Amino acid sequence: MLTRREVLKTAAVGAPILLGSGNTGLLGQSGDSGQSPRRSPFRTPLRRPAPPTKLNRWNASDTEWKLAWDIYYEAAAPDSARAPGQCHCINDAVPVWPRLIPAQDAEKLKPTQDVDYYQIVMEEMPGVEILEGLSTTVWGYFDHPYDLEAELAPWVAREVPGPTIEAVRGRPVIIRFVNRLKAGDTLARPGESPDTCIHGHGCHTPPQSDGYPTDCIPGWSGYGRPHTRVYVHPNDNDFPSTLWYHDHTNHHTARNVYLGLAGFFILRPHPTAEGRDALFRQIEDQLPGGNYDVPMVFQDRLFNEDGSLNFPDFNHDGTLGDTFLVNGRMQPFLTVEPRQYRFRWLDGSNARVYGLAFSQSPDSARNALPFVQIGTEGALLPRPAVRTIAEISMAERLDVVFDFAGYRQQGITQVYLVNCLEQTDGRGPDDFELDECTPLVRFDITDTISGGVDHSSIPSILNPELVRDETGEWMYPGFSERDVPRDASGRPKERVFEFDRSHGMWTINGAIFGPHRNDTPGGVKLWKTMEGSRPEIWRLVNKSGGWVHPIHIHLEQFKILNWADSDTGEIRLPEAHEAGLKDTFLLHGDETVRVLTTFKDLNDHFDNQPGVLQDYVFHCHNIDHEDMDMMATNRLFTDDAPPPDPPRCYEPTVTDAVPESEE
Amino acid sequence: MASSRRALFGLLAAPVVGAWPTMAERRQARITTRRPGRSREAGFFPNVTLHTHDGKRVRFYDDLIKGKVVAINFMFTSCASFCPRATANLLKVQARLGTHLGRDVSMLSLTVDPARDTPEVLGKYAAAHRVKPGWQFLTGASADIDRIRQRLGVFDDDPDKTQHTGILTYGNEATGTWAAMPVIAEPAVIARALTRLLSVDPAAALRPQ
């Protein structure tokens with residue numbers, strides 16, 4: 001269904017401006033009788049979640065410094081990552097991760113060094129006003145720079161999404177997450193302990209801090225000290241990028257993320273380091289920054305009459321909502337100056353794919369206003385790409401620049417960001433409906449730019465390392481198809497993963513997720529130096545009969561080699577806006593993509609002890625599919641071979657392969 | 001625990017699924033499936049009449065679901081491809097549940113081929129697989145079983161029976177906690193998920209009794 005990428009541009013007269021009926025836009029109703037209470041849009045300003053309190057900053061209190069050191073000791077202890085005696089999450093497969101901070105890093109990650117320390121609690125929060133006049137209870141991440149027994153500070157926003165982690169390349173971020181979700185919470189599933197784990201999506205994180213789905217922080221009993229776990233992010237991604245963090249608990253991710261467990265993680269160039277960061281700074285300083293750099297996460301939700309969140313129990317296709325939230329508030333407005341802005345878009349919905357456009361009209365994109373896409377999940381694009389309407393699927397990020405100046409000069413004071421992709425089924429979107437869009441944000445353009453002049457510009461080359469040289473390859477190493485090992489007939493070797501649906505279950509190469517069962521035969525080599533390193537090509541094949549799957553792979557960012565039709569094999573090369581690095585790939589029905597990367601740990605942040613598992617997952621990011629075990633394990637190894645699957649406390653079962661049905 | 005929700009919108013009448021449904025009926029069926037779960041509402045689970053493999057006549061909601069911790073899957077006895085695997089896996093779950101099965105937790109397997117799977121046929125199937133009390137195989141009117149599948153979100157509008165759902169729906173009706181996972185997930189995982197719903201320490205529950 002590649003025609004969906006086409007943009008219709010007609011010279012139609014502007015449609016009459018109907019102010020949309022608030023949240024129940026014409027698009028994307030869940031299609032049945034469940035409807036949220038209706039409210040008018042554009043009543044609240046767009047929220048920008050603040051960063052958490054850095055515990056080891058220069059003017060931190062004694063309490064905060066002590067906390068930072070507590071966190072360090074917890075993470076650096078020799079047996080810090082051993083699962084507790086009863087891993088509450090799923091089973092008793094104990095991951096063989098001895099430490100949260102590997103021995104070689106323990107000295108470097110002390111709070112006195114160039115490291116950021118934070119403490120974030122997961123907690124139930126009642127009283128959030130998302131629908132005007134109604135009170136919603138959520139589960140959120142909250143900044144908590146104090147002792148665990150203390151209450152949340154009064155100035156911490158009681159809203160979701162959670163604090164935005166502002167990180168820079170090369171400066172590790174160490175966060176102690178505290179699970180204060182209780183079995184007795186309103187939103188807790190009765191009788192169950194609300195365990196949780198946190199995944200830094202797109203982050204280049206060692207395995208024990210990546211949020212493997214069965215490696216959870218147990219829920220709180222309500223008495224004494226809640227369980228905690230320290231997550232270590234070295235921040236050695238190749239490029240600055242827009243990332244995010246969210247819950248990743250096995251079988252409960254869809255619900256937990258829906259209830260509010262998500263937040264931004266923005267990775268910028270290091271402010272003073274030389275080398276590549278100097279180049280990144282030089283480019284990013286030209287782009288709009290500071291107040292003019294706005295992250296936006298789109299989430300659709302369904303509410304009950306009393307304002308509580310409605311998460312359907314028996315929906316396995318994908319959860320859709322009819323109320324459109326941006327940064328946790330329903331269809332907000334944003335006052336903007338007449339100048340360029342950088343927006344970082346994140347589709348944080350469970351199952352909704354969006355078609356985003358700027359428009360003068362809240363419900364039509366017939367004359368969409370063009371914008372410039374400058375980045376994807378993993379990096380800035382080699383060159384800017386002009387777009388009019390952009391499709392974005394779950395967990396994908398788009399970095400864009402939009403200039404309000406020209407419109408203000410014409411006397412236009414309001415511009416809308418609209419979603420024009422209709423979706424009524426969790427399995428996938430329908431079609432672009434340019435006359436039936438749902439407004440997401442209203443931009444109110446003021447008269448003057450503070451400071452008088454807009455100094456920002458978009459460089460014509462955004463990412464020189466990703467621009468193709470005369471041989472067609474990138475300067476940045478590790479993404480060259482030439483370096484991929486060849487098979488006997490001379491073709492580049494590939495790993496093939498087929499996504500299918502069998503008996504109502506989603507499978508990857510015929511199997512469902514089995515905790516710590518390696519699904520990459522032979523393991524995947526983790527390179528410690530670029531010299532001699534070999535990239536891998538993964539072929540992701542969607543043959544699930546029309547279902548749409550955005551496939552996300554943990555740990556690394558990938559280059560797209562080509563798309564293809566799963567049946568005919570017809571190839572399509574990536575377009576200009578797909579020419580960068582991505583970690584999430586939207587596979588439409590019968591679509592295949594070939595992607596390439598080198599799995600690496602160049603700065604030696606991973607544990608190298610023999611027998612230590614280095615397991616990551618890759619999965620569909622329709623979170624309801626992910627919960628139904630549409631996920632697989634990718635086992636990395638450094639030396640000769642990967643370790644075998646770990647023993648369970650109970651006898652191992654047969655493999656989880658689904659047999660072919662006989663016809 | 002959760003406050004009861006009033007039925008604000010009339011419950012949609014389940015479409016008749018006798019002859020193969022029309023497009024309108026299929027869309028209606030999907031609508032019913034995607035209805036936000038209001039499992040605590042009266043009438044959410046159809047109280048249809050079913051027959052167990054030992055010949056008893058039961059009402060689905062009143063006798064099998066109400067107040068109970070259950071695991072529900074779908075099968076048919078002449079299924080050669082997938083069901084043997086699913087049943088074998090569930091037998092391991094039966095083993096792990098030990099004395100919980102029948103006392104606190106019940107397993108229900110409903111046939112999607114009621115024409116052939118009479119109570120006698122199901123009885124033989126259960127005996128052959130050494131199914132213990134607490135795990136019941138059930139049959140009934142085709143339309144009723146389809147309605148149950150729709151309510152549980154596992155109805156597939158594929159007339160090919162061999163492609164019926166492999167999803168195991170499980171929950172605690174008393175607390176309104178429902179979830180699902182593939183029926184071929186690891187038996188320890190399924191058994192733990194069920195015993196967690198009993199509000200007891202799950203690891204202790206699964207140790208030998």
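**View 1. A:Asp590 sits in the loop that runs between β29 (584-587) and β30 (591-597) of chain A.** Welcome to the first stop in this predicted model. Most residues other than glycine have a negative phi. A:Asp590 is not a glycine, yet it has a positive phi of about 60°. Is A:Asp590 buried, partly exposed or exposed? With a relative accessible area of 29%, A:Asp590 is partly exposed.

**View 2. A:Leu555 is another residue with a positive phi that is not a glycine.** Its phi is about 85°. To find A:Leu555, look in the loop between β25 (549-553) and β26 (558-565) of chain A. The relative accessible area of A:Leu555 is 5%, so this residue is buried.

**View 3. A cis peptide bond links A:Val160 to A:Pro161.** A:Pro161 belongs to the loop between β2 (136-143) and β3 (165-168) of chain A.

**View 4. Five strands of chain A form an open sheet with mixed pairing.** Strands of a sheet pair through backbone hydrogen bonds, either parallel or antiparallel. Follow the strands across the sheet in the order β12-β20-β19-β14-β17. Which strands stand at the edges? They are β12 (333-336) and β17 (390-392) of chain A; each has a single partner strand, so one side of each is left without a neighbour in the sheet. From one strand to the next, the twist averages 25°. Within this sheet, β14 (residues 354-359) and β19 (residues 414-419) of chain A run antiparallel and are joined by four bridges.

**View 5. A:Leu526 lies in the loop between β23 (524-525) and β24 (536-542) of chain A.** Its relative accessibility is 1%, so A:Leu526 counts as buried. What does A:Leu526 touch, not counting residues up to four places away in sequence? The residues it touches are A:Phe599, A:Lys600, A:Asp601, A:Phe606, A:Gln614, A:Leu636, A:Phe637 and A:Thr638.

**View 6. A:His316 has contacts in chain A and in chain B.** This histidine is found in the loop between β9 (293-301) and β10 (323-326) of chain A. A:His316 is buried, with a relative accessible area of 8%. Leaving aside neighbours within four places in sequence, A:His316 is in contact with A:Trp506, A:His625 and A:Met628, among others. From chain B, the contacts of A:His316 include B:Leu152, B:Gly153, B:Val154, B:Ile167 and B:Ala180.

**View 7. Chain B has seven helices and seven strands.** How do they follow one another along the sequence of chain B? The pattern reads α-β-β-α-β-α-β-α-β-α-β-β-α-α. Of the 209 residues in chain B, 58% are buried. Among contacts in chain B with a separation of 6 or more, 69% are between residues 24 or more positions apart. The accessible surface of chain B is about 8,300 Å², and carbon and sulfur atoms account for 54% of that surface.

**View 8. Helix α3 (residues 83-97) of chain B has 15 residues.** At 1.5 Å a residue, α3(B) should span 21 Å, and its end C-alpha atoms are 20 Å apart, which agrees. The buried residues in α3(B) include B:Cys83, B:Ala86, B:Leu90, B:Val93 and B:Leu97. Looking down the axis of α3(B), the buried residues fall within an arc of 165°, so they line one face of the helix. An α-helix has 3.6 residues a turn, so residues three or four places apart point the same way. Just after α3(B) comes B:Gly98, with a positive phi of about 55°.

**View 9. Helix α4 (residues 119-128) of chain B has buried residues and, on the other side, exposed ones.** Buried here are B:Leu122, B:Gly123, B:Tyr125 and B:Ala126. Seen down the axis of α4(B), these buried residues fall within an arc of 165°, so they line one face of the helix. Which residues are exposed on the other side of α4(B)? They are B:Glu120, B:Lys124, B:Ala127 and B:Ala128. The cover over the buried residues of α4(B) includes β3 (69-75), α3 and β5 (135-140) of chain B. Just after α4(B), B:Arg130 has a positive phi of about 55°.

Definitions and conventions. Residues numbered from 1 in each chain as written. Chains lettered and ligands numbered in written order. Predicted model: local features only at pLDDT ≥ 70, side-chain atom pairs only at ≥ 80, totals over all residues. Heavy atoms only, no water. Pairing = 2+ DSSP bridges. Helix = DSSP H or I, 4+ residues; strand = E, 2+ residues; numbered from the N terminus. Axes fitted to C-alpha atoms, helices over the stretch in contact; angles between N-to-C directions. Expected span 1.5 Å × (residues − 1). Buried < 20%, exposed > 50% of the residue type's maximum accessible area, 1.4 Å probe, protein only. Arc of directions from axis to C-beta. Contact = heavy atoms within 4.5 Å. Areas by Shrake-Rupley, 256 points an atom, 1.4 Å probe, with all protein chains shown as cover.
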